[in-house]
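Here is a short report on one protein model. Please look at the structure first, then read on.

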Amino acid sequence: MTTLELDHVGIGEEPGAALPVVSAVAGPGRPGVVAVETEQAPVLASLVAGGRMQPETGRVLLDGHPDAGAVRTAFALVDTPGVAEPFPVLTLTQVVREELAFAGQRPSRRHVDTVLDELGMREYADTAVQRVPTGVRVRLLVELALLRDGVTGIVLTTPERHGGAVAEWFAVVRDVARRGVTVVVVTSKAAAATVEQLLDTIGTDTVSDPHQTEGPDDVTVTDGGPTSLPADTDHLPTEATA
């Protein structure tokens with residue numbers, strides 16, 4: 001279980017700092033929320049939270065200790081504009097193929113199809129990622145990020161920019177947080193206010209399997225839920241990559 005703390009981190013000087021001073025604490029079962037405005041600040045906040053950039057003020061603490069290297073290993077940036085977002089015209093099949101390769105897994109056609117089936121997204125297989133509902137997009141990118149070796153946490157950047165209700169993408173945050181994944185959400189102040197109200201719906205119980213997943217329309221963790229994403233391709237029949 002991992003706790004990440006942003007302790008009064010900032011970049012630049014007020015007024016007009018590139019990243020005004022922010023603080024947040026994220027742990028299993030309790031996402032941290034970083035509320036920032038302007039086009040640049042969410043990216044900077046995500047880079048700092050993910051250990052990719054050193055803040056000019058404040059500290060980033062992993063389980064109480066400053067260790068940027070460990071933060072980079074443990075936390076994946078998810079949908080961070082210009083840094084870790086898929087090209088908008090890529091289909092979900094293409095996104096899954098690329099992310100499986102990035103996670104060090106063979107992106108065979110059968111493996112890609114299995115991932116989409118496990119996530120309940122086969123109907124979107126040939127749809128451009130820019131055209132799927134926000135909840136589907138966020139769930140896909142989060143679950144694929146969690147396939148990477150050593151990743152126990154995610155930094156999710158401004159999901160509200162894709163439209164839809166906050167509750168739609170927060171359902172994904174709630175799901176993975178219940179499973180013991182540490183989540184930092186970087187979002188607008190308006191969306192953050194809604195997220196703060198929804199945090200109490202997470203509860204304190206977590207699920208031990210960090211890769212257990214649910215379909216995009218099913219956010220309640222149950223003992224009889226769907227199986228996890230296949231992280232080990234050695235157990236799958238392989239074929240030539242499409």
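How many residues of the lining of the largest pocket are nonpolar, polar and charged? This is a predicted model, and in it the lining divides into 11 nonpolar, no polar and 6 charged residues.

The largest pocket has a volume of about 360 Å³. Its lining has 17 residues, and the closest to the pocket centre are Leu 77, Ala 84, Glu 85, Glu 99 and Arg 148. Three elements, β5 (75-78), α3 and α5, each give two or more residues to this lining. The largest share comes from α3, with 4 residues.

Helix α3 spans residues 92-102. Its buried residues are Leu 92, Thr 93, Val 95, Val 96 and Leu 100. They line one face of the helix, because their directions fall within an arc of 160° seen down the axis of α3. In an α-helix, residues three or four places apart point the same way, because there are 3.6 residues a turn. The cover over the buried residues of α3 includes α4 (109-118) and α5 (134-145). After α3 comes Gly 104, with a positive phi near 80°.

Confidence comes next. The mean pLDDT of the protein is 85, and 83% of its residues reach 70 or more.

| Stretch | pLDDT | Contacts in the model |
|---|---|---|
| residues 204-228 | below 50 | 62, beyond near neighbours in sequence |
| residues 231-242 | under 50 | 22, beyond four places in sequence |

Where pLDDT is low, the predicted coordinates should not be read in detail.

Definitions and conventions
Residues are numbered from 1 along each chain as its sequence is written. This is a predicted model: local features need pLDDT of at least 70, side-chain atom pairs count only at pLDDT 80 or more; totals for chains, interfaces and linings use all residues. Side-chain values use heavy atoms; hydrogens and water are left out. Buried means under 20% relative accessible area, exposed over 50%, partly exposed in between (1.4 Å probe, protein chains only). The arc is that of the directions from the helix axis to the C-beta atoms. Contact means heavy atoms within 4.5 Å. On a 1 Å grid over the protein atoms alone, a cavity is a set of points where a 1.4 Å probe fits but cannot get out, and a pocket is an open set with protein on both sides within 12 Å along at least five of seven lines; lining residues have an atom within 4 Å of a point. Grid points are joined across faces, edges and corners, and a volume is the space filled by probe spheres set on the points. Ala, Val, Leu, Ile, Met, Phe, Trp, Tyr, Cys and Pro count as nonpolar, Asp, Glu, Lys and Arg as charged, and the others, Gly among them, as polar. pLDDT is the predictor's confidence in each residue, from 0 to 100.
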